[in-house]
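Have a look at it first, and then we'll go through a few spots together.

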Amino acid sequence: MTAWDGFGEGLARQLATLAAGSVLIIREGGRTGRYAQYAQSDEILRAELVGDHGLDPALRAGETGSRLIAEAGWEPPEDTVYGHNWQAGVSWPSPSGAYRELARMTVTGLRDGLRIASPQGLAYEAWDERRGNRPLVLPLLGLDPTS
C-alpha cells in the first residue's frame, strides 16, 4: 500500500463521519495554494479542488493535469468571480462507496493533477460552523492539523 492509498482510505472514512456544518480544508504546506476542501450541509457534502486560477504557474495543473482531474470525475471550474475551483459532491448521507469515490477523486486530483508528491506534505484545518466554528479533530485523516 502506498502513502496515497492510506491517505485515501483515511479520507473516505473521515468524510463519512462529518456532521452538518463541518468544514474541512486539506492543504499542502509552504503556502503553495494547492488544496482540497469539503463542506457538509444537511443534504450534500460539497467538495472543491483548487483550480489553476491564482496558483503560481509552476504549480498549476495545466492541460495535462486538468485532463486527469476531469477524468477522475471532478466538474470543471465555472468562469465566475468565485467559481475557479473544480467541484464535486455526494448526497448526505451516502453509502461508504460514495465517500471512497470522492476520496479517490481527491487523491487523483492532488497527486496526479496537481503533482503533489506525497500526502506527508499535507495538513488539515477543520471546524464546525454550527457550533461557533469550534475546531474539529479528525484523526482518521492521518494528517497533522495546521498550526
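Buried means under 20% relative accessible area, exposed means over 50%, and partly exposed is in between (1.4 Å probe, protein chains only). With that in hand, Trp-4 and Phe-7 are both buried. This is a predicted model, where local features need pLDDT of at least 70, side-chain atom pairs count only at pLDDT 80 or more, and totals for chains, interfaces and linings use all residues. Residues are numbered from 1 along each chain as its sequence is written, and side-chain values use heavy atoms, with hydrogens and water left out.

Trp-4 and Phe-7 sit 3 residues apart in helix 1, about one turn of the helix. Helices (H or I, at least four residues) and strands (E, at least two) are DSSP runs, numbered from the N terminus. Rings of Phe, Tyr and Trp (its six-membered ring) pair if their centres lie within 6.5 Å; planes under 30 degrees apart count as stacked, over 60 as edge-to-face and the rest as tilted. That rule gives 1 aromatic pair: Trp-4 and Phe-7, edge-to-face, with 5.8 Å centre to centre and 80° between the planes.

Now for the loop between strand 4 and helix 3, where you'll find Ser-94. Ser-94 counts as buried because its relative accessibility is 19%.

Here are the elements on either side of that loop:

| Element | Residues |
|---|---|
| Strand 4 | 86-91 |
| Helix 3 | 96-113 |

The buried residues of helix 3 include Tyr-99, Leu-102 and Met-105. Just after helix 3, Arg-115 has a positive phi of about 60°.
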